[in-house]
Amino acid sequence: FELTLSNIGRVAVLAAGERLLLSLGKLSIASVGTAAVAAALSTPLTAFSAADNGSGVACFAFVLIYAIANAWLVVFDAAVEAIFLCFLVDQAENDGETRPYYASAALRSYMEAHRPTYVLPSMSLDDDELSHAIQQMGGLDALEPPPPMRAVAG
C-alpha cells in the first residue's frame, strides 16, 4: 500500500488511461460484433434470416459480446496492474548500478517518458512560514477559539 501511495501520480495516470482504453475497447468490440450480427441478419440467404425480431437479436448480441469482451479485458487489466506493481517494486528495491533493474529498457524508458510532471504541494510549513502566517493573521490572539454556542430554548 505504501508503494502505491508513494507513486500516486503514476497510479492515477495509469488507472485513468487504462480505464478509458478498456472501456473504448469493450465498446468497439461489442459494436463490431453487433454489426457483424446485423449484417448476417440482413442477408436473406442465411439461416439467421428466419429471426422474427432482428433488432432484438442485435441488442442481445451486443449485450452478450460486451459481457464476453469485459471478461477477457478484466484479465488484461489484471495483467497490466501486476506488471505496473512489479515495476514499482523493481524501482524501489534496485538502484540500477549495484543492483540492476529487472524491468526491460523499453519499459523503463516508456515509464520515464510518461512520468507525471507535477509536484504535489507540501502539507507542512517550516517555522519561518508558520510565524509569517501567524503575523499576517494578527498574531496568536487572532487564533483564539470561538465562544461556545448557547442552547436555544424552544
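Predicted model: local features only at pLDDT ≥ 70, side-chain atom pairs only at ≥ 80, totals over all residues.
I68 lies in helix α3. Along the chain, I68 and I29 are 39 residues apart, and their C-alpha atoms are separated by 9.5 Å.

Stepping back to the whole chain, there are five helices and zero strands. Read from the N terminus on, the elements simply go α-α-α-α-α. Of the 154 residues in the protein chain, 16% count as buried. The chain exposes about 12000 Å², and 67% of that area comes from carbon and sulfur atoms. As for contacts with a separation of 6 or more, 63% of them in the protein chain are between residues 24 or more positions apart.

Now for the pairing of α2 with α3. Helix α2 covers residues 8–42 and helix α3 covers residues 54–93; the two pack at an angle of about 155°, and their axes are 8 Å apart. Because angles over 145 degrees count as roughly antiparallel, α2 and α3 are described as roughly antiparallel to each other. The crossing of α2 past α3 is right-handed. Sorted by class, the residues in this contact come out as 21 nonpolar, seven polar and six charged.

Setting aside neighbours within four places in sequence, E18 is in contact with D77, V80 and E81. Take D77 as an example: E18 and D77 are 59 residues apart in sequence, yet their C-alpha atoms are 7.7 Å apart in space.

The other is A38, which also has its place in helix α2. Here the relative accessibility is 36%, so A38 counts as partly exposed. In sequence, A38 and A58 are 20 residues apart, while the C-alpha to C-alpha distance in space is 6.1 Å.

Helix α3 also meets helix α4, which spans residues 105–113; the axes of these two come within 12 Å and cross at roughly 90°. That angle makes α3 roughly perpendicular to α4, because the label applies from 65 to 115 degrees. On the α3 side, the contact is made by I83, F84, F87 and Q91, and on the α4 side by L107, R108 and M111. By class, the residues of this contact divide into five nonpolar, one polar and one charged.

Terms used
Residues numbered from 1 in each chain as written. Heavy atoms only, no water. Axes fitted to C-alpha atoms, helices over the stretch in contact; angles between N-to-C directions. Helix = DSSP H or I, 4+ residues; strand = E, 2+ residues; numbered from the N terminus. Parallel < 35°, antiparallel > 145°, perpendicular 65-115°, else oblique. Left-handed = near helix turned anticlockwise from the far one by under 90°. Nonpolar A, V, L, I, M, F, W, Y, C, P; charged D, E, K, R; others polar. Buried < 20%, exposed > 50% of the residue type's maximum accessible area, 1.4 Å probe, protein only. Contact = heavy atoms within 4.5 Å. Areas by Shrake-Rupley, 256 points an atom, 1.4 Å probe, with all protein chains shown as cover.
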